[in-house]
Amino acid sequence: MHDVVIVGAGPVGLILACELGLAGCSVLVLEREPELGSPLRAAPLGMRGLSAASVEAFYRRDLLDPLLAASGVQEMWAPISGAGASSGPRIGGHFAGMILDGALIDLAALPFRLPSPAEESMRTDLEAVETVLSEQASKLGVEIKRGVTVSDVLQDRESVVVRAGADAYEARWLVGCDGGRSTVRRLTGFEFVGTEPQFTGYTMRATLADPEQLGHGFNLTPTGMYLLMPARGHIAMMDFDGGAFDRSLPPTHEHLQEVLRRVSGTDVTITEVHIASSFTDRAMQATAYRRGRVLLAGDAAHIHSPLGGQGLNTGIGDAVNLGWKLAATVHGYAPDGLLDTYAEERHPVGAAVLDWTRAQVATMRPDPYAQAIQSVVRDLIGTRDGATYVYEKLSGAWIRYDLGSEHPLVGLSAPDFAMEDGTRLGDLMADGRGLLLDFSAGQTLRAAAVGWAGRIRYAAGAAENDLGAGAVLVRPDGVVAWAGDRQPDREAFERAAGRWFGAAARTGVPSATHPADATLNTGAAGRP
């Protein structure tokens with residue numbers, strides 16, 4: 001019996017598998033597609049934008065450099081400190097097809113931000129992401145079975161059985177990461193509610209007889225929207241037909257030609273369609289993310305318009321939030337209710353993202369009311385406050401979980417604190433454990449941290465900028481769980497550690513709950 005079976009080997013399922021594998025769980029991933037990669041997942045149709053929060057997740061697991069290499073990115077950022085530091089993100093993003101001016105974004109207004117190698121968003125493609133994660137999963141002992149179609153799910157109080165034809169796979173837990181048409185969600189009876197589509201979208205790689213008739217980038221028109229990408233012949237379109245196109249059928253050359261001429265208002269001619277697919281802005285969310293021993297993450301839990309790349313980024317956030325909590329549950333040291341905090345924290349994020357994409361769809365509708373709204377929004381995002389607000393939403397910087405503390409750092413993604421020896425917070429999180437940074441002069445919390453040494457890595461020393469904190473406890477997903485003042489309160493730390501990491505070991509000797517070196521780290525060492 002495996003600890004966890006994951007259905008779906010897309011980015012969300014693979015990140016979750018890596019998180020669980022890093023924590024020493026036995027993991028099996030079942031994927032319907034027989035092979036890794038496809039034309040729809042490679043560039044250009046598979047191109048996606050990773051938000052700063054998603055880039056940060058790769059950085060903290062020492063996977064950012066492999067992802068940059070696989071994505072063909074030579075240099076992503078300027079120096080992270082000193083006179084040559086980047087003054088703003090390289091990619092600002094857009095709202096409803098209206099592009100942000102990166103020079104207007106006020107990064108200083110974002111909450112508790114420190115310079116970091118992961119401060120920017122990046123462009124990649126699904127094939128690159130899945131290749132990097134598949135390789136990492138294999139290194140961590142994760143088993144991936146491809147060409148497996150799930151046909152039934154049975155569960156009781158102790159385990160889950162996943163059937164695929166004549167085969168059966170048993171596990172203690174099952175996570176559905178199998179996309180918007182999730183088989184796991186359907187078979188397990190999750191309620192999926194929301195709003196029906198306003199448009200049918202298309203993305204294609206085609207040869208045009210007269211491409212000069214089309215404008216580059218986003219083009220909002222009186223009849224819809226089209227986007228001419230930098231890659232030759234890569235075009236996306238939105239046709240506000242109420243989602244009437246039958247997506248069970250591939251879009252034909254004739255249909256794509258008709259839609260492109262209608263939404264562009266030109267007589268442009270498609271001479272050949274190389275590959276095409278369709279999508280909608282149907283916005284739905286599971287009312288719960290867990291039923292018994294079955295959980296959902298990514299598109300299986302929420303679907304919406306792909307505007308702004310929010311689906312992939314929200315799914316990555318689901319996976320890193322869930323992984324360590326499920327691992328702690330598997331290993332038996334999770335405090336009561338820890339697994340329930342997954343839905344408590346991530347369901348509101350998913351709901352907010354659905355509304356964010358709905359707002360964009362409403363703004364892009366081809367009618368006089370929406371066009372009037374577009375004029376107002378252009379004016380607003382053309383201001384420093386407006387551009388910063390939209391970027392905060394796109395980057396993930398807006399997310400703060402309510403963890404019951406008034407300290408302004410708690411609930412936020414941890415700033416990338418830099419220690420005086422050059423070690424950064426991100427360097428200390430590659431092993432997937434929690435992290436206690438003790439900035440206090442007397443290493444006040446060293447003795448207290450011993451009880452959680454197998455689950456929390458301890459690092460002490462002065463930071464270049466500690467943002468006024470004397471100590472910071474960071475969960476494995478990078479979220480600040482507790483922060484102390486210049487003279488940290490030992491009892492307050494112990495309460496926070498117990499709440500998120502379970503009871504301390506009675507003898508102070510690390511328990512075998514994590515495959516990483518469980519010895520107490522009393523210095524700011526680099527990556528293990």
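How many residues does helix H10 have, and how far does it reach from its first C-alpha to its last? The points below take up this helix and its surroundings in a predicted model.

1. Helix H10 covers residues 384–395, which is 12 residues. From first C-alpha to last it reaches 16 Å, close to the 16 Å expected at 1.5 Å a residue. Just after H10, Gly 396 takes a positive phi of about 90°.

2. Buried residues of H10 include Gly 386, Ala 387, Val 390, Tyr 391 and Leu 394.

3. The axes of H7 and H8 come within 10 Å and cross at roughly 175°. Angles over 145 degrees count as roughly antiparallel, so H7 is roughly antiparallel to H8. On the H7 side, the contact residues include Gln 310, Asp 318 and Lys 325; on the H8 side, they include Tyr 342, Arg 346 and Trp 356. Sorted by class, this contact has 5 nonpolar, 6 polar and 4 charged residues.

4. The largest nonpolar core has 70 residues, and those touching the most other members are Ile 6, Leu 20, Phe 58, Leu 174, Val 175 and Leu 326. H7 gives the most to this core, with 8 residues. Leaving out residues up to four places away in sequence, Ile 6 touches Leu 16, Leu 20, Val 29, Val 175 and Cys 177, among others.

5. A second, separate core has 46 residues, among them Ala 328, Leu 338, Val 353 and Tyr 401. Val 353 is also one of the H8 residues in the contact with H7.

Technical notes. Residues are numbered from 1 along each chain as its sequence is written. This is a predicted model: local features need pLDDT of at least 70, side-chain atom pairs count only at pLDDT 80 or more; totals for chains, interfaces and linings use all residues. Side-chain values use heavy atoms; hydrogens and water are left out. Helices (H or I, at least four residues) and strands (E, at least two) are DSSP runs, numbered from the N terminus. The expected span of a helix is 1.5 Å times one less than its number of residues. Buried means under 20% relative accessible area, exposed over 50%, partly exposed in between (1.4 Å probe, protein chains only). Axes are lines fitted to C-alpha atoms, for helices over the stretch in contact, and angles run from 0 to 180 degrees between N-to-C directions. Angles under 35 degrees count as roughly parallel, over 145 as roughly antiparallel, 65 to 115 as roughly perpendicular and the rest as oblique. Contact means heavy atoms within 4.5 Å. Ala, Val, Leu, Ile, Met, Phe, Trp, Tyr, Cys and Pro count as nonpolar, Asp, Glu, Lys and Arg as charged, and the others, Gly among them, as polar. A nonpolar core is a set of buried Ala, Val, Leu, Ile, Met, Phe, Trp, Tyr and Cys residues joined through side-chain atoms within 4.5 Å.
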